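Please open the model in your viewer, with the sequence panel beside it, and follow the selections below in the order in which they are given.

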Amino acid sequence: MDFKNEIIEFVSDKIGGVVIIACGSDEIMYADSFFTNKYRTDIVGMDASEIFLWLDDCPALSVGGDIVEWENIDTDSKKYYRFQSAMFEKEGRNYVIHMISDITEYMGLNRDITKYMAFFQKLSAFQTAVLEKLSDTYYELLPLLTDYFKTSKAFYFIQRDDKVDIITFSKMGNIYSNDRIAMTEDVANAFFVDEEDEIPLDRFSAKVQEVMILNGSAKDSKFRKLCDGSVSGQKYAVYLNVWPNMNTDLMQEKMLLGVIKLFVENGIIKDKLIYNSEHDGLTGLYNKAKFLDMKETEYIGLNSIGIFNLDVNNLKKMNDEFGHEAGDKLLIKAANSIRKVTNNKVHGYRMGGDEFLLIACDITKEELDSIKVRWERELARLNAIDDEINCVIAAGVVFWEAGYDFDALMKEADALMYEDKKAKKKPGEEIR
């Protein structure tokens with residue numbers, strides 16, 4: 001039984017088309033129904049070079065050589081074609097046969113698969129990066145988020161009993177800002193915003209708006225909530241600043257959000273266990289016990305170190321004249337100015353009474369100077385608030401690269417602080 005005609009019909013009508021072109025003259029010698037339908041005419045006898053633009057892309061062929069597979073895009077019809085071409089000799093003349101297949105749908109599917117695989121690889125890399133940092137602080141997560149979601153700022157809200165800490169990372173300049181505000185009913189709404197779309201700034205409380213604007217957001221800025229939750233009685237939320245070309249599709253990926261929540265909640269659980277033992281109850285900064293531990297474990301053998309020895313002026317006078325509540329407000333204002341510049345490399349301590357420290361690890365002298373400017377600017381901003389409490393802080397700042405003597409640097413910073421304290425005292429004021 002001869003199936004030749006059925007095979008030819010199947011190849012031409014179901015798979016693609018076949019065309020035979022004479023070498024030299026480029027005359028079309030044979031064209032099946034695929035080409036008749038495509039060009040709405042019988043093209044046999046026409047000049048192939050004037051009809052088939054794809055001929056210019058055909059690879060070199062030789063008589064009796066292997067079949068060559070290649071692809072071409074028809075920009076007019078937006079079709080993607082695969083060709084199988086060969087050259088043969090018949091009755092002393094050479095011909096080229098092309099079999100063409102429309103693979104547009106396949107390529108569309110392939111692009112979707114490629115896109116998915118690219119996303120999966122990127123997601124795996126992100127998961128690895130996050131999991132590698134599970135033992136670190138949340139400071140390490142925020143830069144990853146800005147890079148991955150292509151945004152300019154990331155905000156991390158965390159409840160601390162009756163306070164809320166807002167940690168902001170700004171990609172421009174790689175700057176962290178750390179703010180603490182009271183946990184009021186209005187402020188608490190930040191943990192319950194449930195919109196999936198863009199959230200305008202005025203959706204937040206006035207105090208939260210103030211912090212966001214202070215850290216570089218505009219009044220018309222909008223935000224997307226990445227995740228939120230509650231762990232060990234502490235609420236948290238992560239927001240991203242809406243930015244041009246921001247990758248919002250990734251925010252719907254449950255696997256990705258699961259990794260982020262794992263990082264955040266793991267950090268909260270770990271932090272909850274040791275927070276009270278490491279932090280000063282009044283100011284929320286690290287305490288002296290934490291400093292003594294870090295001195296022996298973290299501050300030895302750094303590539304560079306910066307030390308701010310800080311002392312609040314007139315605490316005794318404030319306590320004596322206005323009471324300890326006013327003195328506490330003075331200390332809290334000092335701590336808030338210090339907290340503003342803290343991050344995973346810059347640690348703030350209340351050493352006791354009116355004494356504070358900032359320790360900056362593995363930074364350049366230029367970075368140290370920038371920290372000092374940002375701290376002084378924040379202190380001035382806090383003092384501009386009309387609460388009748390003016391906070392003056394004497395500062396001794398030292399910097400040294402590898403090979404330093406930590407205790408010697410502490411003494412030098414203390415001496416410089418004392419000189420600054422004398423310079424900032426008014427005539428007749430007690431130096432203490």
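**A covered strand and its hairpin**

Begin by selecting strand S13, residues 346-352, which is mostly covered, since six of its seven residues are buried (buried meaning under 20% relative accessible area, exposed over 50% and partly exposed in between, with a 1.4 Å probe and protein chains only). Strands (E, at least two residues) and helices (H or I, at least four) are DSSP runs numbered from the N terminus. This is a predicted model, in which local features need pLDDT of at least 70 and side-chain atom pairs count only at pLDDT 80 or more, while totals for chains, interfaces and linings use all residues. Residues are numbered from 1 along each chain as its sequence is written, and side-chain values use heavy atoms, with hydrogens and water left out.

At the turn, where two residues lie between the strands of the hairpin, Gly353 takes a positive phi near 60 degrees.

**The five-stranded sheet**

Next, select strands S1 to S5, which form an open sheet in the order S2-S1-S5-S4-S3 with antiparallel pairing. Strand S2 (28-31) and strand S3 (68-74) stand at the edges with a single partner strand each, so one side of each is left without a neighbour in the sheet. Neighbouring strands of this sheet are turned by 25 degrees against each other on average, direction ignored.

Within the sheet, pick out S4 (residues 79-90) and S5 (residues 93-102), which pair in the antiparallel sense over ten bridges; there, Phe88 stands opposite Tyr95 in S5.

**Two packed helices**

Now select helix H11 (residues 324-339) and helix H12 (residues 365-384), which pack at an angle of about 140 degrees with their axes 8 Å apart; the axes are lines fitted to C-alpha atoms, for helices over the stretch in contact, and angles run from 0 to 180 degrees between N-to-C directions. Show side chains for the contact (heavy atoms within 4.5 Å), which is made by Lys333, Asn336, Ser337 and Ile338 of H11 and by Trp375, Glu378, Leu379, Leu382 and Asn383 of H12.

**The whole chain**

Finally, select everything: the secondary structure of the chain comes to 13 helices and 15 strands, and of its 432 residues 45% count as buried.

Technical notes
Two strands pair if DSSP finds at least two bridges between them.
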